[in-house]
Amino acid sequence: MKFAFYPGCSLESSAKEYRASTERVARTLGLQLEEIPGWVCCGSTPAHMSDRILSIALPSHTLLLAERMKTEGVLVSCASCYSRLKAANDAVKRDASVREQVAQAIGATYEGNVPVYHMLEMVAKCMDRPGFEEKVKRKLKGLKVASYYGCLLVRPPSITGFDDREDPQLMDRMVAALGAEPVKWRYKVECCGAALAFTNADIALKLSGDILEDAKSSGADVVAVACPLCQSNLDLRQRNIEKYAGIDLEVPVLYFTQILGLAFGYSAGALGLGKHMINPVPVLKKRGIHV
Amino acid sequence: MHETGPARQKAPFAEFLEEVERESGEKVRVCYQCGKCSAGCPVGYAMDLLPSQVLRLVQLGLKHEALSSSTIWLCASCEACAARCPREIEIVRVMDCLRHKARAAGYTHAPREVPIFLQSFLANLKRFGRMYEAMLVGSYNLASGHLTKDMDKAPAMILKRKIALMPPRAKGMERAREIIKNLEESKRR
């Protein structure tokens, strides 16, 4: 199956390991990813906070580029990109005036018909196909994983239509299929603070700290994420969180594609495990997973 | 003057409510103040008004109070409110609309950092077409005056090659600038 791949800005910089692990597991799963040539930033939250038409026009331009590629649809890694691409599809389909204004801005009419999938949805589909079990070379037995979905994969449900809005299961199912243990915890769809980490750091440190504390007290060895901004708030800022809240955390935060890649037998280097601030290798070793 | 009786006048507060409803596409008037949005708002503890209170201000046409609230800037757009609203109001769209209006009307109330961040982000997007993360941090720190913000993480990020030092480059990225310019022009007309 061929997809038009939309990596998004973070995967070219702060989330290179998300890209590396996504490309590797896609290959093993038989998903062919072809990057959309000339894609532009989705505008993320700052665009919709500033100008509605801009926030629809930017993703519409990229989706039009993807439409010409004749694939199954667009495959996205970042939860924020996913939400903005889907919001654009919804807006141009539903509102003729928006469609017209967007067409004027991008110089072509986009009708909103390119399907958009998050990588996690695709992994879940692949898991249900025969032959998946044979791909698992390394069982992750004993590893306790808190699956963190955050906000924009599941919300707003009218736009994303992704799993259950309050208690999603796709990542938990993946974790279980790899022999690891999905942890039951309360913060799987709570907000990490997102871009408030720039402007109101205390809020993001508190929200992210609450998430990590709950994961830890629920017995998780690692937190699994599906969004580069969540990863950066939980991992990159973890030392700041510890200082802010006066607690010890030391909770590694892995992309779900890295966990899947470990089970497929890829090395730590291939999956970019060394790029995290909190080193996941010791806890993996403790659980008998030698990478 | 009408001879048949007093003219049916629009309530004075209706104007602002109608404006917000038209621009956001959301029916704010159907909010019955159950407070579910406020109960689930992760940032509610830090806001001067709760999300449901801001909706009430809009219903009452209290424009100044709504636009000067810190709530509209602290809202993280996490969508927890929209996922749970029994009246199916997409509250983030209402917040977006209030943010646009506050900026257009020149409200500079705290927290000033959020509009500065928006500006840095959009300037970066216009210049490069894709986010140049190193530049985003740099330009935001300069504009906000928080010069050392996040600099503690820079050495490790550079060492781990987790931050691209050079700007993104790809054919076609300049289309973002054209799109932004087109929109700016159509607004001026």
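Start by selecting V223(A) in this predicted model. Setting aside neighbours within four places in sequence, V223(A) is in contact with A146(A), Y148(A), L212(A), A215(A), L234(A), V251(A) and V253(A).

Now widen the selection. V223(A) belongs to the largest nonpolar core, a set of 163 residues.

Next, select helix α9, residues 170-177 of chain A. Which of its residues are buried? Look for L170(A), M171(A), D172(A), M174(A) and V175(A). An α-helix has 3.6 residues a turn, so residues three or four places apart point the same way.

Then step to G179(A), which follows α9(A) and has a positive phi, near 90°.

Finally, zoom out to the whole of chain A. There are 16 helices and 8 strands to colour. The C-alpha trace spans about 55 × 45 × 30 Å along its principal axes. With 291 residues, a compact globule would have a radius of gyration near 19 Å, and chain A agrees, because its value is 19 Å. Of these 291 residues, 62% count as buried. Among the contacts in chain A with a separation of 6 or more, 78% join residues 24 or more positions apart.

How values were computed:
Residues numbered from 1 in each chain as written. Chains lettered and ligands numbered in written order. Predicted model: local features only at pLDDT ≥ 70, side-chain atom pairs only at ≥ 80, totals over all residues. Core = buried A, V, L, I, M, F, W, Y, C linked by C-beta atoms within 7 Å. Buried ≥ 20, exposed ≤ 12 C-beta atoms within 10 Å, placed from the backbone. Contact = placed C-beta atoms within 7 Å. Helix = DSSP H or I, 4+ residues; strand = E, 2+ residues; numbered from the N terminus. Rg over C-alpha atoms; globule rule 2.2 N^0.38 Å.
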